[in-house]
Amino acid sequence: MNHMLKKTAGAFCMLLMLSVSVSAQKKQLTPEDYGQWQSITYTALSDDASWFAYTISLVEGDGWLMVRNTRNDDEHKFMYASRPVFSANNDWVAFQIGVSEDEERKLEKKKERVKYKLGLMNLKSAEVDTFDLVENFEFADTGNHLLMKKYKPEDSKTEGVDLIIRTLSTGRNQLVGNVSSHALNEDGDLLAIALDTPDQLGNGVQLMNLNTGSMMVLSSDEADFKGLTWHEERNALAYMETDEDEDHEDPTHHVIAHTDAMNPESRISFNPTTHDDFPEGMRVVDFSGLRWSDNGNTLFFGIKEWEMKEEEAEKDTTETDLDEDLDATNVVIWHWKDDQIQAQQEVRRNQLERADFMSAWHLRNNRFVQLADENVDDVNLNSNGTLAYGYDSGPYEPRFRESWNDVYHVNLRNGAKTKVLERIENVSSSPDGKYLMYFRDNDWWVYDVSSKQHKNVTENTDTRFENFLAVNGREEYRPFGSGQWGENDEWVLIYDQFDVFKAWPASGKVEKLTSGRENNIVYRQTRLDFDEDQLANNDPIYLTMFGDESKDRGYARIDGNDVDELIYEPMHITRLAKAEEANRFIMMMESADDSPDYFITGSNFRNPKALTSTNPQQDDYYWADDELITFTNARGDKLEGRLLYPANYEEGKKYPMITYIYELRSQGLNDYSMPTRTSPYNARRYSSEGYFVFEPDINYVLRDPGVSAVESVVPAVEKMIATGMINEDQIGLTGHSWGAYQTSFIITQTDIFNSAVAGAPLTNMVSMYNSVYWNSGTPDATIFEISQGRFPEPYWMDWDNFIENSPIFQMQDNTTPLLVEFGTDDGAVDFNQGVELYNTMRRMEKPYVMLVYEGENHGLRQRENMIDYATRAFEWHEHFLKGKEAPAWITSGMNYLDRPEMQED
């Protein structure tokens, strides 16, 4: 090669290198780029694991459904589609088809809902059929039929709609009209249909054999039929027939059972108005539904008082009512002996109106037994319907802290009740009903139903089963938890801080199955099959793995006596699922710089194969990883935190830092955070704009929640400053709800932060204690005494600590500019908490701005409000940390008359 040729070739190579360098140049992520980020929502795996379907949702924009062959990577894309379901024979997939995001917004403005189509794809031929106006759908378990329920016409006066039954092998559609409800048996070959016709003359229940297409009338009457319920293993069917009565407000119901649905002679009926055992003045209700016992000999349903219609009283015309023109008062009486305060009763109105007494109808001898009553009103069944137990809270009402109960064993044959436990919150039953299991005095106990004996199962086990890590002021610790029972109720899985144990109630033997404590790994059972209540002795037990210090995650399996580590990586690995008919598994894996994707693997979990590839555009932008930080708090406790780096980090340069707090946050290590314009606390946005984002853990002592936060957060931030990476004049603090409370308090105790943003903070612990959690209607006092508030005694018994931990009473020492957000309809932290702080800060003439969003609850829901708050929170930090020019709303606020008018719906 001559010199000129070498020069030309060299120039070409340099040009090629320059081209590659330019094309690989990273960009800074901006809010205009956020909308393209993807997340995976609905997923489905075919029973043979040959097909995987998943829905892609965009941060902003229209999503789609992908259906992928896991063996040859063949893919099919469907816009606006979701909710994929595969047929049992692995030949078909059905899915819901919606509309574009723009069209959905138009419908919302017109107060109309989206009415979906159904897509049906033949997985062998890839042919697709669509069906308009399908509200719900399901495959029969045979895999050869698809049921499609159409939308109810808006002018319809009945509950009946059209039901399309498609025979998949032939493509034949059969339309059944006026279907109010339908139910498939376990095998998927028998379809029960309840009809509700306009003239009621065609009402009834019919049975269709999907294999032959034959129809059989099971019941026919002008009444309403509802509650179609198949026995899980037998072809036994039960339902209700409405019985109206002109003297009563609400109807009662006959219960009809077919012990063999294909045999007309097996039909038996329970009529509450004529049955000798049925209590007078009661009715059978439909809203509790029907439940079969496993042996098929008993049906369970609810009853309640049958109220007579009120007759209009004759007016007394002999006397003049001075106030006859006044409307009736709507006074609400709040009484100090109310167990549930009026606000809670209002929230639970529908539940209270539907309160009923569980009862049993024994089919073989036609015997009715009421199981629940006015005292023991909360009765529960074990999973196979052979054991009933109930709670009586009466002796402990009104309840202020824990919800104590006396527990009764309820005899299914005669309803007799035997008290077995006093003053306990709850119990659980073993699947076969041999034991009631409960946690007391830091040990696991069982009550043997047959011997009527109590046994402390774990008293000789040298570990702590109580969750001593949870500092909340409760009278007793709750347990770390428990898992499934073994077959025949022989054993049960229980947990301590790290490990899984197998406990045999009969013998009291307890065996540790894992070695988590030795390796600082937390093991817990993860269920892959929810159809079986019990584990057979030879069934594998699948476990999650979580590194208590490393935050690594993965899965393990117990086969026999061996614990096999399947996968354990410095990633967030979750959503493990197994194919129904194949020994193949899917799971989702992600890290801070690796977008969440699904993988498929065999039973050995080696070389998982990626099924999805979300957010490939990330490669075009600067993108940061995260790191685990350890620190020691002021009490000498070793804690951890998650640190997300600036997107285009340069070693040796100092950066601003946002500190986001709640309680424990280090578990979020390896979590992938997508950028979004709607979150004021979005870590990825701040990282992309050149901030570190630090999330330190907080631990607590009782009676000092605010002080505890200071003792954890300040040393954590000081350690970050000591690294030399943080500009100590550019540190912000932020949080929402409890995190906002701590934010508001911490800035009164330190000047280490230069800006603060708090969404819906508690500010006055005394007035907050006396407030109501309006979303549930419960008094906030309960949250303070046995939950997050961590004040085990009321404020009049612990006045100094309530005052010392209230931001509002410490604000005279605050030097940090504070931005607060509230919705006027906040049902968790009362809006007045913000108003109290506003008036205090205004009087102190300290920098404080409160953003108030009309009609919003504890978390903003209207997209425009979400974007507005996120934008203003970012502007707040940008101004006070980076010195960016302050917008007018920061410097001078906004006059009432300058407010933009709300758009009318």
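**Close-up views of a predicted model**

**View 1. Strands β1 and β2 run antiparallel, joined by six bridges.** Strands (E, at least two residues) and helices (H or I, at least four residues) are DSSP runs, numbered from the N terminus. Two strands pair if DSSP finds at least two bridges between them. L45 has F52 of β2 as its bridge partner. Five residues separate the two strands in their hairpin, where A49 takes a positive phi near 65 degrees. The model is predicted, so to speak of local features pLDDT must be at least 70, and side-chain atom pairs count only at pLDDT 80 or more, while totals for chains, interfaces and linings use all residues. Residues are numbered from 1 along each chain as its sequence is written, and side-chain values use heavy atoms, with hydrogens and water left out.

**View 2. Strand β2 continues into a hairpin with β3.** The pairing of β2 with β3 is antiparallel, over six bridges. F52 meets R68 of β3 as its bridge partner. The hairpin has five residues between its strands, and G61 in the turn shows a positive phi of about 130 degrees. Strand β2 (residues 51-58) has six of its eight residues buried, so the rest of the structure largely encloses it. Buried means under 20% relative accessible area, exposed over 50%, and partly exposed in between (1.4 Å probe, protein chains only).

**View 3. Four strands make an open sheet in the order β1-β2-β3-β4.** The pairing is antiparallel. β1 (38-45) and β4 (75-79) are the edges; each has a single partner strand, so one side of each lacks a neighbour in the sheet. From one strand to the next, the twist averages 20 degrees. Strand β3 (residues 64-69) is joined to β4 by five bridges, and the two run antiparallel. M66 lies opposite K77 in β4.

**View 4. An open sheet of eight strands has mixed pairing.** The strand order is β46-β47-β49-β48-β50-β51-β54-β55. At the edges, β46 (626-632) and β55 (848-853) each pair on one side only. Strand-to-strand twist averages 20 degrees. β46 and strand β47 (residues 638-644) run antiparallel, with seven bridges between them. F631 is placed opposite L639 in β47.

View 5. Axes are lines fitted to C-alpha atoms, for helices over the stretch in contact; angles run from 0 to 180 degrees between N-to-C directions. Contact means heavy atoms within 4.5 Å.

**View 6. Helices α7 and α8 cross at roughly 75 degrees.** The axes of α7 (residues 705-722) and α8 (residues 738-746) come within 9 Å. P705, G706, V707, A709, V710 and V713 of α7 touch W738, Y741, Q742, F745 and I746 of α8. This contact has nine nonpolar, two polar and no charged residues. Ala, Val, Leu, Ile, Met, Phe, Trp, Tyr, Cys and Pro count as nonpolar, Asp, Glu, Lys and Arg as charged, and the others, Gly among them, as polar.

**View 7. The protein chain averages a pLDDT of 94.** pLDDT is the predictor's confidence in each residue, from 0 to 100. 95% of the residues score at least 70. Residues 1-23 have pLDDT below 50, with one contact beyond near neighbours in sequence. Residues 312-317 also have pLDDT below 50, with zero such contacts. Where pLDDT is low, the predicted coordinates should not be read in detail.
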